[in-house]
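Please keep the sequence and the coordinates at hand while reading.

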Amino acid sequence: MKRLETDELWTAIDDYLADCLVPGDAALDAALEASQAAGLPAINVAPNQGKLLMLLAQATGARRILEVGTLGGYSTIWLARGLPPDGRLITLEANPDYAEIARANIVRAGLDGKVEIRVGRAQDLLPGLMTEGPFDLVFIDADKPGTPGYFQWAVKLSRRGSLIIVDNVVREGAVLEADGDANVQGMRRFFELAATDPRVSGTAFQTVGAKGHDGLAILLVTASP
Ligand SMILES: C[S@@+](CC[C@H](N)C(=O)[O-])C[C@H]1O[C@@H](n2cnc3c(N)ncnc32)[C@H](O)[C@@H]1O
């Protein structure tokens, strides 16, 4: 077999894995097409990562999910599909144009009865969710400098047994750079907080694939916040 360049190889393997285990889906494909047509950046999770989110929601029996960073609602659709019939998902998005695209994608996926998009900056919206928690699963995937603050809110909005998932924690290895950019600083500060917070137990791993070299952190809330 001809050896592919690393990125091509990762993408080809992602395609292979998706073909095997994450078959095409009209609503998800339409969400990506509509997002691309509207000019949204292609920074959604990959299909196999989206399915991981759905499986984690199902495996933990999540009934209430909070997402920080909606974009076109691609990961939202995956997460919402992991909810039981009476489950609910709140997703926060700062850009009203993106939220509009996401709304249409979520309606097309038949999930508008479960999903509520709140438009605004997460740092402004999160304090108002204290009366609506606790959430069983929180997915953090918005602006990276904001991640430490979102993580702190996620813990407050959780219960013992909740899962907190944070995307883009490796940043092509830049997470090793102590003097890295604001995105890297956000992730390094997040890791400091996660490492020293006695209420959570977590791990993180690198990912390679169609979305390049990055990583995901998964934390279990082990004590009542
Ligand atoms: C990586 S994208 C989310 C991708 C989405 N989770 C998916 O996988 O389909 C990050 C999103 O966070 C939004 N965002 C950036 N800063 C934000 C903030 N302060 N509050 C809420 N959303 C924010 C961006 O507009 C963008 O849509």
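## Terms and model

A residue counts as buried under 20% relative accessible area, as exposed over 50%, and as partly exposed in between. The model discussed here is a predicted one. By that scale Asp-25, whose relative accessible area is 21%, is partly exposed, and Arg-81, at 25% relative accessibility, falls into the partly exposed class as well.

## Salt bridges

The side chains of Asp-25 and Arg-81 meet in a salt bridge, with 2.6 Å from N to O. This pair links distant parts of the chain, since Asp-25 sits in the loop between helix 1 and helix 2 (26-37) while Arg-81 belongs to helix 4, 56 residues apart. Over the whole structure, a search finds 11 salt bridges.

A second pair is formed by Arg-88 and Glu-116, whose closest N and O atoms are 2.3 Å apart. Here too distant parts of the chain are linked, with Arg-88 in strand 2 and Glu-116 in strand 3 (residues 115-119), 28 residues apart. Arg-88 is partly exposed at 30% relative accessibility, and Glu-116 is partly exposed at 27%.

Arg-118 and Glu-132 form a further salt bridge, at 2.7 Å from N to O. Because Arg-118 lies in strand 3 and Glu-132 in the loop between helix 6 and strand 4 (137-140), the pair ties together parts that are 14 residues apart in sequence. Both Arg-118 and Glu-132 are buried. Through salt bridges that share partners, Arg-88, Glu-116, Arg-118 and Glu-132 are joined into one network.

## Pockets

How many residues line the largest pocket, and which of them lie nearest its centre? The lining has 36 residues, and those nearest the centre are Ile-43, Asp-141, Ala-142, Lys-144 and Asn-168. The space in this largest pocket comes to about 710 Å³. At least two lining residues come from each of helix 4 (74-81), strand 2 (88-93), helix 6 (122-125), strand 6 (200-209) and strand 7 (212-221), and strand 7 gives the most, with 4 residues. By class, the lining of the largest pocket divides into 14 nonpolar, 13 polar and 9 charged residues.

The second largest pocket has a volume of about 180 Å³. It is lined by 15 residues, and Asp-14, Asn-48, Gln-49, Thr-207 and Val-208 lie nearest its centre. Two or more residues of this lining are given by each of helix 1 (6-21), helix 3 (47-59) and strand 6. The lining of the second largest pocket holds 9 nonpolar, 4 polar and 2 charged residues.

## Backbone geometry

Where does Pro-134 lie? Pro-134 is placed in the loop between helix 6 and strand 4, and a cis peptide bond, with omega about -5°, joins Gly-133 to Pro-134. Glu-132 belongs to this loop between helix 6 and strand 4 as well.

Leu-71, a residue other than glycine, has a positive phi near 50°. Leu-71 is found in the loop between strand 1 (64-68) and helix 4, and, because buried means under 20% relative accessible area, its value of 14% makes Leu-71 buried. A positive phi, near 55°, is also found at Arg-171, again a residue other than glycine. Arg-171 lies in the loop between strand 5 (163-167) and helix 8 (182-196), and at 22% relative accessibility Arg-171 counts as partly exposed.

Notes. Residues are numbered from 1 along each chain as its sequence is written. This is a predicted model: local features need pLDDT of at least 70, side-chain atom pairs count only at pLDDT 80 or more; totals for chains, interfaces and linings use all residues. Side-chain values use heavy atoms; hydrogens and water are left out. On a 1 Å grid over the protein atoms alone, a cavity is a set of points where a 1.4 Å probe fits but cannot get out, and a pocket is an open set with protein on both sides within 12 Å along at least five of seven lines; lining residues have an atom within 4 Å of a point. Grid points are joined across faces, edges and corners, and a volume is the space filled by probe spheres set on the points. Ala, Val, Leu, Ile, Met, Phe, Trp, Tyr, Cys and Pro count as nonpolar, Asp, Glu, Lys and Arg as charged, and the others, Gly among them, as polar. A salt bridge is a side-chain nitrogen of Lys or Arg within 4 Å of a carboxyl oxygen of Asp or Glu. Buried means under 20% relative accessible area, exposed over 50%, partly exposed in between (1.4 Å probe, protein chains only).
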